Amino acid sequence: MWEYTEKLKEHFFNPRNVGEIKNPDGIGEVGSLACGDALKLTFKLDENGRIKDAKFKTFGCASAIATSSVLTEMIKGKTIDEAAKVTNKDIADYLGGLPEQKMHCSVMGREALEAAIENYNSGGTKKHELEGKVVCTCFGVTEKEIERVITENDLTTVEQVTNYCKAGGGCGGCKGEIEKIIEKVQGRKIKEKLQTLPTKARKLTNIQKIQLIQQTINEQIRPALRAHGGNIELIDVEGNKVIVAFRGMCAQCKLAEYTMKDVVEAKLREFVSDALFVEEDRDSAQEPHNHRG
Ligand code: FES
């Protein structure tokens, strides 16, 4: 059973603005019944270019109904430019939060709004189309959409991406590609963060260095190890020596130890400092496992 906020329940039991506006200024239709969720959003502007009415029709769960209902309430009175700034996080926040497994409902709301604005900007001619390469064919999710949910919601695992846009939640064949997109986006984010630091600030204090090492492990290294049944723990930092322990699969496998140590060292040098080197903490390591066959 999901944990729903009172506000979400209230919007589910008493949804606002259900239906469809006749002769709307913008129409956005997203999702599909085959994928289990669909949403149609229509809006009408007043003479000052503000949204005076918005209605929705949806096929979906309690969260889909509640997010669509609050979305229509949120955009009423806004100009097109103001409405275009509404994010899926704004929708979820307005409801006081959503169970993570239901975040894709807020993303569907934001997509429907974008599609309706696009339709309005094209004079009513443009319909929502998938843009760019489709990564998840089970749910029709593109690389662009996956990149966007990762960036806007700071996602670091495939499971989170599935919760936010469904990609990866079917046959699972696209999970490897999603993993690569996470690495690409998160790597870019850390680099951007570093580039915005003034040169002086790049001389990291010990605390900053440890924080950046931890962040790099969380965002760059752990997701990849988890995908293979493993994990990593930061034990200590002594000067430029980073002491880590490997957990899970192959924690004590000689071959894996060297491979993983090299990968971790390369990532830490790339994102934190060239001077770092990695050592494995053997005391906290797990019992060796048989690696025959
Ligand atoms: S292709 Fe993405 S879950 Fe099947």
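**Close-up views of aromatic contacts and nonpolar cores**

**View 1. Lysine 7 and the ring of tyrosine 94.** In this predicted model, the charged end of lysine 7 sits over the ring of tyrosine 94, at 4.5 Å from the ring centre.

**View 2. The aromatic pair of phenylalanine 12 and phenylalanine 13.** Two aromatic pairs are present in the structure. One of them joins phenylalanine 12 and phenylalanine 13 in a tilted arrangement, with 5.1 Å centre to centre and 50 degrees between the planes. Phenylalanine 12 is partly exposed, its relative accessible area being 31%, whereas phenylalanine 13 counts as exposed at 59% relative accessibility.

**View 3. The aromatic pair of phenylalanine 43 and tyrosine 120.** The ring centres of phenylalanine 43 and tyrosine 120 lie 6.1 Å apart and the planes meet at 55 degrees, so this pair is tilted. Distant parts of the chain are linked here: phenylalanine 43 belongs to strand 2 (residues 37-45) and tyrosine 120 to helix 5 (residues 103-121), 77 residues apart. Phenylalanine 43 is buried, with 0% relative accessibility, while tyrosine 120 is partly exposed, with a relative accessible area of 30%.

**View 4. The largest nonpolar core.** This core holds 51 residues, of which Ile75, Ile146, Val161 and Ile178 touch the most other members. Helix 5 is its greatest contributor, giving nine residues. Because domain 1 (6-121) and domain 2 (134-196) both supply residues, the core lies between them.

View 5. Leaving aside residues up to four places away in sequence, isoleucine 178 touches Val135, Ile146, Val158, Val161, Ala167 and Gly168.

Technical notes: Residues numbered from 1 in each chain as written. Predicted model: local features only at pLDDT ≥ 70, side-chain atom pairs only at ≥ 80, totals over all residues. Heavy atoms only, no water. Phe/Tyr/Trp six-rings, centres within 6.5 Å; stacked < 30°, edge-to-face > 60°. Buried < 20%, exposed > 50% of the residue type's maximum accessible area, 1.4 Å probe, protein only. Helix = DSSP H or I, 4+ residues; strand = E, 2+ residues; numbered from the N terminus. Lys NZ or Arg CZ within 6 Å of the ring centre and 35° of its normal. Core = buried A, V, L, I, M, F, W, Y, C linked by side-chain atoms within 4.5 Å. Domains from an automatic or database assignment. Contact = heavy atoms within 4.5 Å.
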